[in-house]
Amino acid sequence: MTDVVLGLCLGGGTLAGFVAGYLVASRRAVRGVLGPVLGVESVGAAGATLEETLDLLPEPALLLDIQGVLRFANTEALAAFGDVIGTIIRHPDVYAALRRLDSETIEAAADIVIDVPVRRVVRGAFRLLPGGSGRVLAMLFDHSEQDAVERVRSDFVAYASHELRTPLAALIGFIETLRGPAADDPEAQQQFLGIMAGQAGRMQRLIDQLLALSRVEMMEHRKPRGEVNAEDVVARVRDESAPLLAARGMTMETEPTPFVCPGDEDQIVQILLNLVENAVKYASTVKGRAPRVTLSVAEVAVGGKAGVSFIVADNGPGIEARHLPRLTERFYRVENGPAVTDASGYGLGLAIVRHVVDRHEGRFSIESEPGVGTRCMVWLPARSGRREARERPSLLLA
């Protein structure tokens, strides 16, 4: 609330003065001005409306009535939160903060945690505007990135330290052996060094996946602004997975379809590479059957929304139905037998896929039948819900 107080002091208590003081205190660039959304109200000598004045703020700002009904959302709020604004203002802690506002208590705050569709942590600062209008200015501060960093740190302590213990113990054991009984045995030294290199690579892969997961989680609440070309995505996945397929003596069947949708193309390519890598690993574990992996694209409507589906399928050993709901949990692995255990990773790849799909407001589903194979589908909407909100801000009004 420091900027709010400073603004009011600089402006003599008026809303125009609050905005002027806020801009002076923050020294940040302002966004363009939208037209008024509600009734006209002058808030300065220039005759700017209340909505136009709020739209100059470089931070997300909402105008509510005392009952919590949304009256206006500025450009920054629409860009940062989009249709999540409705979820924020309906949060019980926001309602409780608004109930505390009266003629004596003009300021209140609330910490808002939203888990659907993606986790968001928001600090809301509410101020009852003067003049008896019953309107409330709400400033929103997104703490989602800080929350993601804290959760990654706690996960590392809880899970990664346990996963690193086994390869680290193996390395320590082989180092002691090389210093002792194998000190004069070149053949044993070469064998042990090969095993040590494998264990070191295992730790490196775990750390790389943890870093990738942390980056995805920190970006999850930011909607992508680029475009995904389905044909380009399939071509890139095919080319980048070629060395892995060649090493296993396999080929991948692809069925591209022309389609363009909003999204981060690099992230979509990465998660499809994760799925293809899983399919190649597990398809090659079934003896007596030629491994088969396919990547196809199809236009599919989900929940009445048009979109595109990327489907990765294999003819591997399959997964029992009881495991499917938990496959996207961090560090969850299926242990079905020695062959599959040897190919298994750390249980982070599908967690990364889920977070990327959530960022794109898409859907991720897994279908599998033991002895037949597995089919993973990534669905992306043809149009982002947040873009619609930004183009038509009146949709956000009560």
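In this predicted model, the axes of helix 9 (residues 230-247) and helix 10 (residues 265-283) come within 9 Å and cross at roughly 40°, where axes are lines fitted to C-alpha atoms, for helices over the stretch in contact, and angles run from 0 to 180 degrees between N-to-C directions. Helices (H or I, at least four residues) and strands (E, at least two) are DSSP runs, numbered from the N terminus, and the chain contains 13 helices and twelve strands. Of its 398 residues, 45% count as buried, buried meaning under 20% relative accessible area, exposed over 50% and partly exposed in between (1.4 Å probe, protein chains only).

Because this is a predicted model, local features need pLDDT of at least 70 and side-chain atom pairs count only at pLDDT 80 or more, whereas totals for chains, interfaces and linings use all residues. Residues are numbered from 1 along each chain as its sequence is written, and side-chain values use heavy atoms, with hydrogens and water left out.

**Helix 9 with helix 10**

- Helix 9 and helix 10 are oblique to each other, given that angles under 35 degrees count as roughly parallel, over 145 as roughly antiparallel, 65 to 115 as roughly perpendicular and the rest as oblique.
- The crossing of helix 9 and helix 10 is right-handed; a crossing is left-handed if the near helix is turned anticlockwise from the far one by less than a right angle, and right-handed if clockwise.
- On the helix 9 side the contact (heavy atoms within 4.5 Å) is made by residues including Asp 232, Val 233, Arg 236, Val 237 and Leu 244, and on the helix 10 side by residues including Glu 265, Ile 268, Val 269, Leu 272 and Val 276.
- The residues of this contact of helix 9 with helix 10 divide into ten nonpolar, one polar and six charged, where Ala, Val, Leu, Ile, Met, Phe, Trp, Tyr, Cys and Pro count as nonpolar, Asp, Glu, Lys and Arg as charged, and the others, Gly among them, as polar.

**Helix 12 and its neighbours**

- Nine of the eleven residues of helix 12 are buried, so that this helix is mostly covered, and the buried residues are Gly 349, Leu 350, Ala 351, Ile 352, Val 353, His 355, Val 356, Val 357 and Arg 359.
- These buried residues of helix 12 pack against helix 8 (186-219), helix 10, strand 11 (363-369) and strand 12 (373-381).
- Helix 10 and helix 12 pack at an angle of about 150°, with their axes 10 Å apart, and they are therefore roughly antiparallel to each other, in a crossing that is left-handed.
- In that contact, Gln 267, Ile 268, Ile 271, Asn 274, Leu 275 and Asn 278 of helix 10 meet Gly 349, Leu 350, Ile 352, Val 353, Val 356, Val 357 and Arg 359 of helix 12, and by class the contact has eight nonpolar, four polar and one charged residues.
- The axes of helix 8 and helix 12 come within 9 Å and cross at roughly 15°, and these two helices are therefore roughly parallel to each other, with helix 8 passing helix 12 in a left-handed crossing.
- The contact of helix 8 with helix 12 is made by Gln 209, Ala 212, Leu 213, Val 216, Glu 217 and Met 219 of helix 8 and by Gly 349, Ala 351, Ile 352, His 355, Val 356 and Arg 359 of helix 12, and by class it has seven nonpolar, three polar and two charged residues.
- Arg 354 lies in helix 12 (residues 349-359) and is partly exposed, with a relative accessible area of 27%; its C-alpha atom is separated by 9.2 Å from that of Val 378, 24 residues apart along the chain.

**Cysteines**

- The structure holds zero disulfides, a disulfide being a pair of cysteine sulfur atoms within 2.5 Å.
- Cys 261 is buried, with a relative accessible area of 2%, and Cys 376, at 10% relative accessibility, also counts as buried.

**Pairs separated along the chain**

- Among contacts in the chain between residues at least 6 apart in sequence, 61% join residues at least 24 apart.
- Ile 319, found in the loop between strand 10 (307-314) and helix 11 (338-343), counts as buried at 17% relative accessibility, and its C-alpha atom is separated by 5.6 Å from that of Ser 368, 49 residues apart along the chain.
- Glu 76, found in helix 4 (residues 75-81), is buried, with a relative accessible area of 16%, and its C-alpha atom is separated by 9.9 Å from that of Leu 54, 22 residues apart along the chain.
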